[in-house]
Amino acid sequence: MKKASICDLKTCFLCQHCIPEWLPAIEKGRQHLSFKKGETIFEEGSAYTGIYLLYAGRVKVHKQWGEGKDLIVRFAKAGDIIGHRGFGSSQRLNPVSVTALEDIRVCYVEHSFFEASLKVNTDLTYRLMQFYAEELQAAEKKMRNLVHMDVKGRLADALLEISQLYNSKEFTINRQDLASFAGTTYETIYRVMQDLIHHQLISTDGKSIKILQEKKLMKLVEG
């Protein structure tokens with residue numbers, strides 16, 4: 001981790017939803033940090049201290065799922081907020097870990113400043129409530145899928161979601177991360193991917209994956 005260059009006071013979640021008069025306070029209250037690919041921003045169980053506003057790059061949000069296993073809860077990209085799951089917690093602990101998928105830059109604000117921002121900026125409070133509601137719905141859907149959807153459907157769903165994250169039908173992702181996001185093992189992901197490749201729904205080149213038939217993947221999810 002190191003100090004990063006100054007952001008534009010326009011891109012991050014906090015700046016987007018604050019009144020113009022609050023921007024000078026943000027400029028004074030924030031810290032600019034950068035993390036390298038593979039670096040941990042914070043770990044599950046660590047003390048919660050504040051909010052990270054993703055300015056550039058992508059991260060994975062993950063937590064322990066059984067003995068020695070990780071479950072990727074979601075991915076986040078520029079403009080998203082991370083660290084919010086510890087906000088309002090009586091234990092003041094982060095319930096998840098966050099790791100950089102590529103070199104990233106963040107704006108960090110301490111808990112007390114973020115709380116003050118919510119009290120001053122009603123639109124920010126409203127948007128945060130919407131964000132929590134959307135994240136809860138996504139978490140409930142993921143848990144439902146883990147119980148009721150077969151592995152092929154979960155993999156198809158994961159591939160479509162990652163495609164949206166990168167805004168491209170071709171993207172690069174570690175196979176272990178793909179397995180953790182789909183809630184299965186590396187070996188199972190490899191076997192199911194071979195089946196999708198055989199039926200020409202996707203193609204691969206090293207770690208790169210290309211979606212060839214998006215509609216058929218959607219049918220696997222719906223089915």
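This is a predicted model: local features need pLDDT of at least 70, side-chain atom pairs count only at pLDDT 80 or more; totals for chains, interfaces and linings use all residues.

Trainee: Which element gives the most residues to the largest nonpolar core?

Mentor: That core has 25 residues, and those that touch the most other members are Phe 75, Leu 155, Leu 159, Leu 178, Ile 209 and Leu 217. At least two residues each come from β6 (70-76), α5 (151-166), α6 (175-182), α7 (186-198) and β12 (208-211). With 7 residues, the element that gives the most to this core is α5.

Trainee: Which residues is Leu 217 in contact with, leaving aside its neighbours within four places in sequence?

Mentor: Leu 217 is one of the residues that touch the most other members of the largest nonpolar core. Once its neighbours within four places in sequence are left aside, the contacts of Leu 217 are Ala 156, Leu 160, Leu 196, Leu 201, Ile 202 and Ile 211.

Trainee: How many residues are in the second core?

Mentor: This second core is separate, and among its members are Phe 13, Cys 15, Phe 113 and Leu 118. The number of residues in the second core is 21.

Trainee: Which element supplies the largest share of the lining of the largest pocket?

Mentor: The largest pocket has a volume of about 670 Å³, and of its 25 lining residues the closest to the centre are Arg 74, Phe 75, Ala 138, Glu 161 and Phe 181. Two or more lining residues come from each of β6, α4 (122-148), α5 and α6. By class, the lining divides into 12 nonpolar, 2 polar and 11 charged residues. Its largest share, 9 residues, comes from α4.

Trainee: What is the volume of the second largest pocket?

Mentor: This pocket is lined by 16 residues, with Lys 37, Leu 101, Ile 173, Asn 174 and Asp 177 lying nearest its centre. Both β8 (97-100) and α5 give two or more residues to the lining, and the largest share, 3 residues, comes from α5. By class, the lining has 7 nonpolar, 4 polar and 5 charged residues. The volume of the second largest pocket is about 310 Å³.

Trainee: Where is Asn 167 found, and what is its phi?

Mentor: Asn 167 is exposed, with a relative accessible area of 70%, and is found in the loop between α5 and β10 (170-172). Most residues other than glycine have a negative phi. In Asn 167, however, phi is positive, near 55 degrees.

Trainee: Is Gln 200 buried or exposed?

Mentor: Gln 200 lies in the loop between α7 and β11 (202-205), and its phi is also a positive value, near 60 degrees. A residue counts as exposed when its relative accessible area is over 50%. For Gln 200 the relative accessible area is 54%, so Gln 200 is exposed.

Terms used: Residues are numbered from 1 along each chain as its sequence is written. Side-chain values use heavy atoms; hydrogens and water are left out. A nonpolar core is a set of buried Ala, Val, Leu, Ile, Met, Phe, Trp, Tyr and Cys residues joined through side-chain atoms within 4.5 Å. Buried means under 20% relative accessible area, exposed over 50%, partly exposed in between (1.4 Å probe, protein chains only). Helices (H or I, at least four residues) and strands (E, at least two) are DSSP runs, numbered from the N terminus. Contact means heavy atoms within 4.5 Å. On a 1 Å grid over the protein atoms alone, a cavity is a set of points where a 1.4 Å probe fits but cannot get out, and a pocket is an open set with protein on both sides within 12 Å along at least five of seven lines; lining residues have an atom within 4 Å of a point. Grid points are joined across faces, edges and corners, and a volume is the space filled by probe spheres set on the points. Ala, Val, Leu, Ile, Met, Phe, Trp, Tyr, Cys and Pro count as nonpolar, Asp, Glu, Lys and Arg as charged, and the others, Gly among them, as polar.
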